Amino acid sequence: MAGKKAKSQTKKKSKPEGFKGWSRYLLIRFALLATLFGLGWVAWLDLQVLQQFSGKKWSVPARVYARPLEIYPGASISAEMLTKEMAVLGYREVQQPRRAGQYEQVANTVHLISRPFRFWDGDESARELAVTFDGSRIRSIVDPTSNTNISLARLDPALIGSIYPAHGEDRILVRLDQVPQSLVSALLATEDRRFYDHWGVDPRSIGRALVANVRAGGVAQGGSTITQQLVKNFFLDSRRTLVRKANEAIMALLLEFHFSKDEILEAYLNEIYLGQDGARSINGFGLAAWYWFQTPLEELALHEVALLVGMVKGPSYYHPRRYPERALERRNLVLDLMANGSPAWADQIETAKQQPLGIVQRSVIGTSRHPGFIDLVRRQLQRDYRSSDLESEGLRIYTTFDPLVQRSAEVAVTNRLRQLEQDGNKASGSLQVGAVFTTTETAEVLAVVGGRDARVDGFNRALSASRPVGSLIKPVVVAAALAGPEGLTLASRIKDEPLSITMRDGQVWEPKNYGDRYWGEVSLHEILVHSINIATVNVGIQIGVPSVIAQLRQLGLEQEPQPYPSLLLGALEMTPLEVASLYQPLSAGGYQRPLSAIREVRDAVGEPLQRYPLDVRQAMSTQVAALLRWNLQQVVERGTARGLRWQMPNSAGLAGKTGTTNELRDSWFAGFGGNMLGVVWVGRDDNQSAGLTGSSGAMRVWADTMKELPITPIVEGLPSGAEWHAVNPSTGALADGCDNTERLPFLANRLPLEQDPCMQTQGSGVIKRIFKWFK
Amino acid sequence: MNLKMTRFGFVLALVLITSGCASMGFGGGMAPLKTNPWADQPPYEWPPYQQSNAPDLAIGPAPQALLAEADNHYEMGRYDACAASLERALRLEPRAPVVWYRLAALRASQHDYASANRLSEKATSLTTENTSARVVQWLDWLSDWLVTQLNSPRR
């Protein structure tokens, strides 16, 4: 340098002379530039580190929870249902429950320890419960520690999915103080023994790896610290070039400069890649614990923790399902490293090494399990929240989803469709399905089936497949008739003969009855029981198609259909969800509540975001609803849905309507009991004939679903304003006290005008005479 | 003997007749119910609930416990939690008039009269001859009161 100075002093701005001079000059310039460039590069890396790492480190999706199972004495919950629910929740069956999330079944008693959970209206603490069953009901619930009776308890709700951000990742965030100590020990022992001592890069371990690699003639060991791995995982892709490694090293140092060891470790625990679930990656130990073991991280046993730690090095290479021996070997190596690292674990290691891998048969987290229902949740949220909030703020959404109903529906769909295809010589996979199950009074959506493969996150037929509803519309026609000013009752006689209607444009419409059968004349209630087309059209023409449309709108239909007579036979396209919405008031005394999939929403720290308050709207009078309900019960009792009576043991008192469209393209069934409503559509995506009627197709699926569930019969009598009367079945005339009559419900202020002659001569005559005394 | 006695006798007779009528009361044979507590202006109170630990409310112990919880929340001014407890009770007993009634009453106390009216009508539609007379009466009072609120020019 002195030489240079001397030179510049003597030569001022003159260029260097000679090769040596030039090269030194250039070298210095180059060195300066390189340093500047280097500093700039480091600064840029530093910026990246700070940006990514401070504040929100990654987008946390909204978590979606099912309804919590409420247990109380008298509840229609069997031991099997309770254990199924606990399986969904990841509870473990053990010899003697000692911790939350464990249970044991002995004879007809289930002894469990529930997990604590913070609900909207208060905390439910972990509780030890002994639940005793009496057949398919809970007989008693006792707290064995205090020997007190419990009148009501809530289990924690099942996690059923997430609403993902665009890049398809998912997390269950864990805090460092929440994770098991075994995890930290295993991790450090295996991946980075000197984590707490180095500065981000560990030259000793690099050196060791180098030696090992040279010996092995290839890359046998990485020398990466946990910090370096975090950088690799978080920022950069998987190209392993020298430049990458250099960047990685620099960023690791920068990371250590800005953040504490604990912060880095915590980020690592939440970031590290531990598997793939289709298009979704499994990142972080919290999620991995659920994915591989269906258990929360805090509840993992030593050998399970060791397996996860072993997978860090290569989740595909050590995939426990694909390469179980390799995974086992790796796990045991981790256990050995733990024992070497700290004697505290030594005595547990041997037992742990004896354990099998312990992973679940099928991993079931995330949207991949219940896309149909999650789709509905997303739609309902989109009305009220920004998409970006949904996808990044870690919302907790508590829904109405019932995993037991969903499971029953999915099994029913799979088995029944296969059966229908076999029996009907149809191509395997040609039939499709869309179904929705809800409660009646509270209008909560329990389950959604978007297609025969419920795991596929594709076209959601339950919410999006608009199909002609066919005969499902007939109850609406009857309701409009009963409520309208024409004075029609369930006993009114309606013609059912070949019919030909000339439309305004000159076209002729000739509706046909199923099987070309003509009844001559029927009572109004028969048109539902036997789904009689022409009689329905006659009623519809008498009251006017606009009346029917008005009734549809009253029931919440958003469309504005054209008043064509074909509407009377269901030339109206609706989705299964819309049909459920239409039938819900019929199952709830005429009071409608919009179907809801969400009970409450909370943000990532548990603060409430919005409540969905319960409100109802009267869609039809209670009396008309009661008459219609009775009529629909007759459909099951002796009509087109009577098959239910031998298809399920609990069909007593249920109501329903079958629906079939032209050429058997669509098979529908809408049915309800006291507590549950279900709508099922079966058909083909290509709209060809499915060869199924409502009762041979959709109704079978409905029955298969409901026979496993505690659907209750409808037990209500008539409300005030409605009353029973006997009528002459062939004339519809009032015939109280006579023989050979039919007993029907009527609106009290709308009885048949005609009285059968038998009423003059029989008991009613006595009553009349008695009345005369009081005149 | 004189005017005083006659007046006394007159008053006595009046008292006897009135108490006789009162004891005939509502629902035949039941204790006389108090007069409508909401005849006056709001603030809307919830008195019938505090007064009744009525076993004739015809719902099970589990929803009963939730109604008590709801009461507690209401007392403490936690109206959202109150609604949540009531809705929870409703899921267990979706057709109990008394639960729908309470939701209606809660809504009314929060000045959402339209919603309260709908819920109250729903509750009424569920009453049967087995519904306790008390609940029927409360529903009557509530709907009367709501009608006046909904029809008054000032809300």
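Author: Of the 775 residues that make up chain A, 47% count as buried. The model is a predicted one, and every value below is computed from it. Chain A contains 26 helices and 33 strands. Of the contacts in chain A with a separation of 6 or more, 68% are between residues 24 or more positions apart.

Chain A is divided into four parts: domain 1 (104-156), domain 2 (162-354), domain 3 (377-469 + 572-718) and domain 4 (722-773). Between the C-alpha centres of domain 1 of chain A and domain 3 of chain A there are 31 Å.

Now the part you asked for. Two packed helices are described by the angle between their axes and the distance between the axes. In chain A, take helix H15 (residues 403-423) and helix H24 (residues 698-706): their axes come within 8 Å and cross at roughly 140°. An angle over 145 degrees would count as roughly antiparallel, and the crossing here is roughly 140°, so H15(A) and H24(A) are oblique to each other. The crossing in which H15(A) passes H24(A) is right-handed. On the H15(A) side, the contact is made by Ser408(A), Ala409(A), Ala412(A), Val413(A), Asn415(A) and Arg416(A). H24(A) contributes Arg700(A), Val701(A), Asp704(A) and Thr705(A). Sorted by class, the residues in this contact of H15(A) with H24(A) are four nonpolar, three polar and three charged.

Thr440(A) sits in the loop between strand S17 (432-439) and strand S18 (445-449) of chain A. Is Thr440(A) buried or exposed? A residue counts as buried if 20 or more other C-beta atoms lie within 10 Å of its own. Thr440(A) has 25 other C-beta atoms within 10 Å, and is therefore buried. Setting aside neighbours within four places in sequence, the contacts of Thr440(A) are Gln584(A), Ser587(A), Ala588(A), Phe672(A), Gly674(A), Asn675(A), Met676(A) and Leu677(A). Asn533(A) lies 93 residues from Thr440(A) along the chain, and their C-alpha atoms are separated by 28 Å.

For the comparison, turn to chain B. Its secondary structure comes to seven helices and zero strands, and from the N terminus the elements run α-α-α-α-α-α-α. Chain B has 155 residues, and buried residues make up 37% of them. Among its contacts between residues at least 6 apart in sequence, 56% join residues at least 24 apart.

The pair to look at is helix H3 (residues 61-75) and helix H4 (residues 79-92) of chain B, with axes 8 Å apart and an angle of about 170°. That angle makes H3(B) and H4(B) roughly antiparallel to each other. The H3(B) residues that meet H4(B) include Leu66(B), Leu67(B), Ala70(B) and Tyr74(B). Among those of H4(B) that they meet are Ala81(B), Cys82(B), Leu86(B) and Ala89(B). By class, the contact of H3(B) with H4(B) has twelve nonpolar, two polar and two charged residues.

Last, the two chains touch each other. The contact takes 21 residues from chain A and 24 residues from chain B. On the side of chain A that touches chain B, the classes come to eight nonpolar, seven polar and six charged residues.

Technical notes:
Residues are numbered from 1 along each chain as its sequence is written. Chains are lettered from A and ligands numbered from 1 in the order in which they are written. This is a predicted model: local features need pLDDT of at least 70, side-chain atom pairs count only at pLDDT 80 or more; totals for chains, interfaces and linings use all residues. Domain bounds come from an automatic or database domain assignment. Axes are lines fitted to C-alpha atoms, for helices over the stretch in contact, and angles run from 0 to 180 degrees between N-to-C directions. Helices (H or I, at least four residues) and strands (E, at least two) are DSSP runs, numbered from the N terminus. Angles under 35 degrees count as roughly parallel, over 145 as roughly antiparallel, 65 to 115 as roughly perpendicular and the rest as oblique. A crossing is left-handed if the near helix is turned anticlockwise from the far one by less than a right angle, and right-handed if clockwise. Two residues are in contact if their C-beta atoms, placed from the backbone, lie within 7 Å. Ala, Val, Leu, Ile, Met, Phe, Trp, Tyr, Cys and Pro count as nonpolar, Asp, Glu, Lys and Arg as charged, and the others, Gly among them, as polar. A residue is buried if 20 or more other C-beta atoms lie within 10 Å of its own, exposed if 12 or fewer, and partly exposed in between; C-beta atoms are placed from the backbone.
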